[in-house]
Each structure stands twice: as structure tokens, then as C-alpha cells.
Amino acid sequence: MADAQQRRGRRIMMTPAERDAFLRAQRTCRVATVSRQGAPHVGALWFCWDGEALWLYSLVRSRRWTQLCDDPRVAVLVDDGEEYGQLRGVELSGSAEFVGEAPRSGAPFPELAEVERLFPAKYFGMAQMPYDGRHAWLKLVPESVVSWDFRKL
């Protein structure tokens, strides 16, 4: 993962530790994809950050999923703050990878063991991942990361 050159924002860029803590604490991201015709689509989604990859739990019968099947390029925004001096966020972009069966049934899949431990604890307060037969995993190992924390100003 490479931090994008932030010529104008170096002063407010998050450190890797700040970025990791921020991404682990936040609950909702916005995922941007494009259609075959180039029309953008943005939708909110729950996610987990494992320190290297952003894991997105998406409906498999969604516009997002269909568009990523055609073109895996994605941009994801996670942000927070109410007032100008509180704004902070991370933008991650790259190509999404489909991991595990779709939809996810819970069949053993070693690559999903950690995220399926983190996700239910974060969102449901549960130790076991609930499978609904409608969702599956997308993995984004970012090619570019941009961050900002206006509290540093």
C-alpha cells in the first residue's frame, strides 16, 4: 500500500498508526464504482480494516457487485467530523478482489478467518459470523491512500 503524494496536505496527513486506529474505529464507508457506460455509483457499506486490506461485506445482488464484476476498480471514503476543525478521513483506491463463495455460506475459507472474527464483533457484538445467503466479501488492498485530519491544523 502506498500513501499517495499529498503535496498540499502533508501537515494534516495521518500517520500509519493514526490511520489504522481511525479505520478500525469507524463503522461506515462510501464505496464508489463505475458502470460499463462510465456512470458513477456510490453506496454506503460496513467494513473491516485488518491493517493491510479493507474488507467490504456486500450484497451480491447489488449494483456495486455487478459493476465490480465488470470493472474491479474502486474508491472508498471513510470520514468523520461535524465541524471544519474536526474533519478527518481516509480515501483508499485500487482494485477489489472477490474472496470466498458468493453468497457466503460459512464454508471454511482460511483467508476469511480473521475478518469473520472482527466483523461480527464490531457490528453485532457476536463471536460468530451470521450468514444470510445474500452477502459476500470484497477485499481491497489499496494501491493509493490519502488521509487528512484537520484537528492537526
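The predicted model holds 12 salt bridges, a salt bridge being a side-chain nitrogen of Lys or Arg within 4 Å of a carboxyl oxygen of Asp or Glu. Residues are numbered from 1 along each chain as its sequence is written, and side-chain values use heavy atoms, with hydrogens and water left out. Because this is a predicted model, local features need pLDDT of at least 70 and side-chain atom pairs count only at pLDDT 80 or more, whereas totals for chains, interfaces and linings use all residues.

Among the salt bridges is that between Asp71 and Arg73, whose side chains meet at 2.6 Å, N to O. Asp71 counts as buried at 17% relative accessibility, whereas Arg73 counts as exposed at 53%; buried here means under 20% relative accessible area and exposed over 50%, with partly exposed in between, as computed with a 1.4 Å probe on protein chains only. Another salt bridge joins Arg104 to Glu101, with the closest N and O atoms 2.6 Å apart. Arg104 is buried, with a relative accessible area of 2%, while Glu101 is partly exposed, with a relative accessible area of 23%. Through shared partners, salt bridges join Glu101, Arg104 and Glu116 into one network. The side chains of Arg151 and Asp149 also meet in a salt bridge, at 2.8 Å, N to O, and Asp149 counts as buried at 4% relative accessibility. Side chains of opposite charge can pair when their charged atoms come close.

Lys122 presents a contrasting arrangement. This residue lies in helix H3, residues 115–124, where helices (H or I, at least four residues) and strands (E, at least two) are DSSP runs numbered from the N terminus. A polar atom of the Lys122 side chain does, however, lie 2.6 Å from the backbone oxygen of Gln26. When its neighbours within four places in sequence are left aside, Lys122 is in contact (heavy atoms within 4.5 Å) with Leu23, Arg24, Gln26, Arg27, Phe47 and Cys48.

The largest nonpolar core has 34 residues, of which Cys29, Leu54, Trp55, Leu56, Val76, Leu92 and Trp137 touch the most other members. Such a core is a set of buried Ala, Val, Leu, Ile, Met, Phe, Trp, Tyr and Cys residues joined through side-chain atoms within 4.5 Å. In soluble globular proteins, nonpolar side chains tend to be buried together. Not counting residues up to four places away in sequence, Val76 touches Cys29, Arg30, Val31, Leu54, Leu56, Val90, Glu91, Leu92 and Leu140.

With a disulfide taken as a pair of cysteine sulfur atoms within 2.5 Å, the count comes to zero. Cys29 is in no disulfide, the nearest cysteine sulfur being that of Cys48 at 10 Å, and Cys29 is buried, with a relative accessible area of 0%. Cys69 is likewise in no disulfide, the nearest cysteine sulfur being that of Cys29 at 18 Å, but Cys69 counts as partly exposed at 49% relative accessibility.

His135 has its place in strand E6, residues 135–140, and counts as buried at 14% relative accessibility. The side chain of His135 makes a polar contact with that of Asp132 at 2.7 Å, a polar contact being a pair of N or O atoms within 3.5 Å of which, within protein, one must be able to donate a hydrogen and the other to accept it, with residues adjacent in sequence counting only if both atoms are side-chain atoms. Beyond residues up to four places away in sequence, His135 touches Tyr57, Ser58, Leu59, Val60, Pro103 and Arg104.

Gln67 lies in helix H2, residues 63–70, and counts as buried at 9% relative accessibility. Not counting residues up to four places away in sequence, Gln67 touches Thr33, Val34, Ser35, Ala39 and His41. Gly81, in the loop between strand E4 (73–80) and strand E5 (88–99), is partly exposed, with a relative accessible area of 30%. Leaving aside neighbours within four places in sequence, Gly81 is in contact with Gln86 and Leu87.
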